[in-house]
Amino acid sequence: MNVRKSDCLVGYAESDAPLSVRLDSSVGALFGRKIKAGAEATAAEYGVDRGELTIIDDGALDYVVSSRVEAALRRAGYKKATAYGKNSGGKTHDVRKRHSSAQPWRRSRLYLPGDQPDLLPNSGLFGADCLILDLEDSVPPSRKIEARILARRVLETHQDFFGNAEIVVRINPISGIWGKDDLWELSAVLPDAVLLPKCESSADIDALAAELNTLEAQSGREIGSTVILALVESARGVLLSLAIAAASPRVGALCFGAEDFSRDIGARRTKNGGEALYARQAVVLAAKASGVQALDSVYSDTDDDAGFTAYCEAARAMGFDGVGLVHPRQIASAHRSFDPGADEIDEAERIVASLAEAEVQGLGVASLDGKMIDAPVAARARLILETARSGASRSNGRKN
Amino acid sequence: MKWNANALGRDIPESIDGRILKPFRGASPADQDGTGRARGGPVRPVPARGKPDKLAKHWDDLLDRMDVRSGETISFHHHLRDGDAVVNEVVERLAARGIRDLTIAPTALFPVHDRLVSFIESGVISKVEGSMNGAVGVACSRGKMRGVSVLRSHGGRQRAVQDGDLHIDAAFIAAPCADPFGNANGVLGKSACGPLTYPVPDSLCASRVAVITDTLTPFPCAPRSIVGGNVDAVLEVESIGDASKIVSGTTRLTRSPTQLLIADLTARFIETTGIMRDGFSFQAGAGGISLAAVVFLAERMRARGVKASFAHGGATGILVGLLEEGLLDAIVDLQSFDLEAVRSCRENNRHIESTPFDSYGPKAAACAASMLDVAILGATEIDLDFNVNVNTHSDGLLLHGIGGHTDAAASAACTIITVPSFRKRIPIIRERVTTVSCPGEVVDVIVTERGLSVNPRRPDLISRARAAGLPLVEIGDLMNDVRSITGIPDEPEFSDRIIALVEWRDGTVIDVIRQAL
């Protein structure tokens with residue numbers, strides 16, 4: 001395997017000789033000393049003082065070097081002697097307190113491949129609502145250990161990388177061999193939300209919720225504070241999506257995964273997505289019936305701007321609250337589609353003004369343009385205004 | 001050895017190899033001596049009556065005519081970029097003739113020229129004057145050259161050639177199209193490269209001038225960028241280079257999210273501070289961020305109905321598109337980067353070839369760059385005084401030439417440096433740059449993905465940027481923010497030996513580069 005940009009490859013060889021670090025680094029003249037010191041410190045966390053570490057480095061940051069050294073030692077059979085670190089990355093993270101509504105904005109959720117450190121330091125600069133550290137599909141089986149350690153260490157020391165975004169980790173399926181290990185690795189640095197892929201029944205949610213209860217209690221976090229985002233990407237998942245959405249108060253959103261879904265039902269993917277139409281509508285219904293957000297799938301063709309805009313508009317029209325993204329340049333389009341439009345905001349303002357007027361005059365009922373404003377209309381108008389207000393202050397979009 | 005501190009506090013030796021060095025005194029000192037006009041060229045024997053016999057029969061014939069001796073200076077241009085075949089060929093053949101101790105004076109070098117390292121090690125090449133990249137730069141940094149090299153910008157090199165500081169004994173001009181008289185251009189032929197203008201000063205001032213072409217046409221060759229009256233010998237060869245590496249097929253916009261973010265902020269700065277207005281002009285390189293900045297700027301120009309009077313610097317298909325769309329009135333071009341730019345240079349009389357004197361001449365009665373409202377440039381390092389390094393990396397290795405950077409920066413009304421705040425692990429902003437290429441007094445704005453910083457010397461830009469609500473940051477804060485991510489790097493180790501001088505456009509020495517250990 002060739003060393004990638006801003007990453008390093010670490011090997012560990014057992015021996016009786018005192019621990020030595022052999023380093024071949026493109027930034028050796030500037031950071032050689034620090035890299036070796038970091039490697040030695042990580043080895044000390046594992047109580048390892050013998051053997052040889054070989055590091056081939058292309059500008060990896062300290063936490064990446066530590067992660068890769070740790071993975072090499074763990075694979076050699078060593079266990080961590082010291083406790084996992086807590087969040088020292090300078091950021092207190094309570095995304096939900098910033099919004100008066102129960103769930104934060106999720107117009108855009110940007111996937112970050114979990115084993116690629118070079119994408120992490122700037123990930124929070126682009127204004128995505130959610131950043132997803134992905135330990136599942138973007139990480140091959142041979143790198144699952146490396147990825148989960150990297151996720152833990154970045155959450156321990158560099159939550160500042162993620163800006164104002166909601167920090168989400170997509171773990172491996174809870175029913176598989178890796179999911180529980182992913183969660184337990186992150187016990188001291190639980191993210192804002194866990195994205196659970198391949199949800200097939202409410203039992204999956206129950207299993208995850210139970211683990212989170214234990215981990216929150218263990219780490220002194222408020223029980224119930226870690227949100228679950230449920231990803232349905234199969235026929236069974238779609239058909240049971242109502243039960244999945246309602247399985248736990250932790251569930252904040254139901255997400256749809258079009259790629260795996262199409263494969264599961266043996267459909268051919270088409271440009272207009274007709275093969276997934278019922279599935280997407282079902283997900284929206286299940287989500288809204290359960291009072292959670294509905295989030296649509298990613299659009300992989302990053303060169304097709306017009307296609308992506310049309311996709312976002314269609315998703316919004318169907319009732320989705322956001323989409324998945326694979327590249328930051330998709331963020332602006334997504335936000336444009338999922339922000340309330342100017343005419344929606346205008347009308348909402350007028351509705352709320354009429355309601356206030358009616359209340360002042362002691363009338364039981366308010367009306368606008370000759371039509372009665374009933375409770376659902378009033379609630380939606382208030383939500384739009386609240387959404388618009390917090391959107392304007394959070395948007396990274398161009399206003400000049 | 002006696003040392004003098006220059007205006008930036010860098011110590012410059014009094015003399016090197018018998019040459020008295022003048023320390024840098026500021027970007028535009030008031031009391032400069034100047035002769036604006038190009039001087040007369042070399043003395044040649046008056047030709048006999050009748051048609052001249054300039055066409056050499058083969059390489060040996062050409063080299064006999066050019067009569068290069070050991071210890072002399074030979075020059076090349078870099079319009080053929082990484083597809084060039086002429087530089088290596090000439091040096092190899094001179095080495096085979098036992099010639100040694102040459103000074104080579106290229107306008108730039110590319111990875112294809114890495115082979116010159118073996119000639120450096122064997123003493124065929126003793127130093128480089130002009131520009132150095134890649135393996136040649138590393139070889140120089142490691143002390144493999146016998147002499148002390150000199151790095152100059154395009155404008156600085158033109159001045160040095162004109163003033164006689166850089167005396168060229170033999171200029172070898174690779175030309176995509178030429179006639180046996182020596183007229184040549186770069187827009188026709190199978191290895192077309194666009195403008196053929198970097199070698200113009202060489203053709204005017206070198207003792208002997210050769211044109212090497214792979215597309216020979218009958219006299220008169222038109223158009224002509226090199227004038228045959230300045231040329232002594234012509235050789236036709238099978239190929240002057242690899243066309244696929246001379247220019248690329250098309251230039252694509254970068255996909256890097258960080259680069260796009262910086263480009264977007266740059267375009268926003270240019271529009272909202274009022275620089276972008278009808279008739280304005282700009283220069284941007286062909287690198288990822290610059291190109292993207294031009295694309296985003298063009299979107300804003302379209303939205304506001306603004307047209308630019310001209311764009312300066314290297315041309316790409318993207319710039320050509322804007323010219324043909326009518327968003328630009330002219331391209332003033334020194335180097336074409338893709339096939340579209342070559343085509344436009346050939347066909348469009350508003351795509352204007354420009355020489356180093358026209359564009360950047362420090363002793364010209366103003367140059368094209370001084371007509372610029374804004375220049376968008378890069379850097380390897382920047383310091384808290386806004387000094388810029390484009391020559392060395394933070395490990396001390398010489399890896400880049402200056403190009404038109406300092407000429408543009410010193411001449412344009414607003415100089416913007418666009419950089420990521422760190423590359424791999426290396427912070428771009430430091431307390432003190434490893435090497436000064438360009439002084440902070442001509443650097444106005446730094447744009448990074450973490451915000452932009454305006455030089456305190458420009459309160460006018462600061463207040464406009466603030467009024468526009470741009471993300472202004474103090475450069476010191478930016479440096480510290482990045483250090484909290486990367487850690488503070490150690491300083492690289494150098495020996496005392498000076499391996500290269502960095503000259504300012506006026507020939508004074510702005511910094512020295514020592515051997516990296």
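Contact is taken here to mean heavy atoms within 4.5 Å. In the predicted model, 28 residues of chain A are in contact with 29 residues of chain B by this criterion. The size of an interface is often given as the accessible area lost when the parts come together. For chains A and B, the area buried between them is about 2500 Å², of which 54% lies on carbon and sulfur atoms.

A total of 4 salt bridges links chain A and chain B. One of the salt bridges joins R33(A) to D490(B), with 2.7 Å between the closest N and O atoms. On the side of chain A that touches chain B, the most residues come from helix 1 (residues 28-45) of chain A, which provides 6. The residues of this side of chain A comprise 12 nonpolar, 8 polar and 8 charged.

A further local feature was examined in chain B. D385(B) is placed in the loop that runs between strand 19 (381-383) and strand 20 (388-389) of chain B. The relative accessibility of D385(B) is 54%, and the residue therefore counts as exposed, the cut-off being over 50%. Although D385(B) and G440(B) are 55 residues apart along the chain, their C-alpha atoms are separated by 5.7 Å.

Notes: Residues numbered from 1 in each chain as written. Chains lettered and ligands numbered in written order. Predicted model: local features only at pLDDT ≥ 70, side-chain atom pairs only at ≥ 80, totals over all residues. Heavy atoms only, no water. Buried area = accessible area lost by both parts, 1.4 Å probe. Salt bridge = Lys/Arg side-chain N within 4 Å of Asp/Glu carboxyl O. Helix = DSSP H or I, 4+ residues; strand = E, 2+ residues; numbered from the N terminus. Nonpolar A, V, L, I, M, F, W, Y, C, P; charged D, E, K, R; others polar. Buried < 20%, exposed > 50% of the residue type's maximum accessible area, 1.4 Å probe, protein only.
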